[in-house]
Amino acid sequence: MASGIDVRVLDDAATIAQEAAGLFAALLRDCPAAVLGLATGSTPELTYAEMGRLHRDEGLSFAQARAFNLDEYLGLDGDHDQSFRYFMQKHLFDHIDIRPWNTFIFDGTARDPQAECEAFEAKIRAVGGVDLWLLGLGGNGHIAFNEPGSASDSRSRVVTPHPETVAANSRHFADPSEVPAQGLSVGVGTIMDGRKIVLIATGAHKAEAVARAVQGPRTPACPASLLQDHAACTFMLDRAAARGLSA
Ligand code: F6R
């Protein structure tokens, strides 16, 4: 079966941000109480800036929206400046009218992390599932903290990021030894349950993972390749990230 991923190669990161934010805007205009699935990382920063601009300049409202994030570091409080909660406040939530009680991110300090994961899955089910997930892509093919080896039906759980991921994320920490060794992450199955998925990737350092995800075999060895089985998954790429794709 051919890859089910719809690939769009766009001019640059700014255009990707406009298009990706535009998908969320269209969803919210159609369905103001939509359930948004959100990522952290460098790639979505411009998309969140564009969502903030759409709110400020074009009246896009998030007032009824619900938002679920993919992952969080285990052990970090939401006030920690490297927590994904902090990132979301800084890059998106503080710039739009989403209600704080409608933003759902794993509590990295939960006393019982596995119970926290189960409660997170239950909350997603309770709101009727995620309408649109925004994903980034790890250089090793990870999505959220679903590292190589993650099963297609995996659910929210405690995970141990791959050393490559820890090394990549250490750029945000003053001291690399401070990067938490574990995280809480939705599973591949949790992502696959979303009604639509848009994955954004830019730069030559993502090209190999993009090629494996889109044109490689569907395998847990490259978790993003499992997205080939989703009925409505789009990759938005710049030319550098798309350069490993064959016609
Ligand atoms: C973070 C997440 C990760 C990132 C990936 C790429 O919530 O889901 O899978 O999307 O590590 O990160 P950047 O965008 O920093 O290259």
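The legends below describe close-up views of a predicted model.

Local features need pLDDT of at least 70 and side-chain atom pairs count only at pLDDT 80 or more, while totals for chains, interfaces and linings use all residues. Residues are numbered from 1 along each chain as its sequence is written, and side-chain values use heavy atoms, with hydrogens and water left out.

**View 1. Residues around the ligand.** The ligand is surrounded by 13 residues, each with a heavy atom within 4 Å of it. Thr40, Thr43, Asp71, His142 and Lys206 are the closest.

View 2. A polar contact is a pair of N or O atoms within 3.5 Å. The side chain of Thr43 places an N or O atom 2.4 Å from an oxygen atom of the ligand. For the side chain of His142, the corresponding distance is 2.7 Å. Ser42 contributes a backbone N or O atom, 2.8 Å from a ligand oxygen atom. On its own the ligand has 410 Å² of accessible area, of which the protein covers 91% (Shrake-Rupley method, 1.4 Å probe).

**View 3. The open sheet.** Seven strands form an open sheet in the order β1-β10-β9-β6-β2-β3-β5, with parallel pairing. Strands are DSSP runs (E, at least two residues), numbered from the N terminus, and two of them pair if DSSP finds at least two bridges between them. The edge strands, β1 (5-9) and β5 (103-104), each pair on one side only.

**View 4. Pairing of β1 with β10.** Strand β10 covers residues 233-237 and pairs with β1 in the parallel sense over five bridges. Asp6 has Thr234 in β10 as its bridge partner.

Conventions: A polar contact is a pair of N or O atoms within 3.5 Å; within protein, one must be able to donate a hydrogen and the other to accept it, and residues adjacent in sequence count only if both atoms are side-chain atoms. Helices (H or I, at least four residues) and strands (E, at least two) are DSSP runs, numbered from the N terminus.
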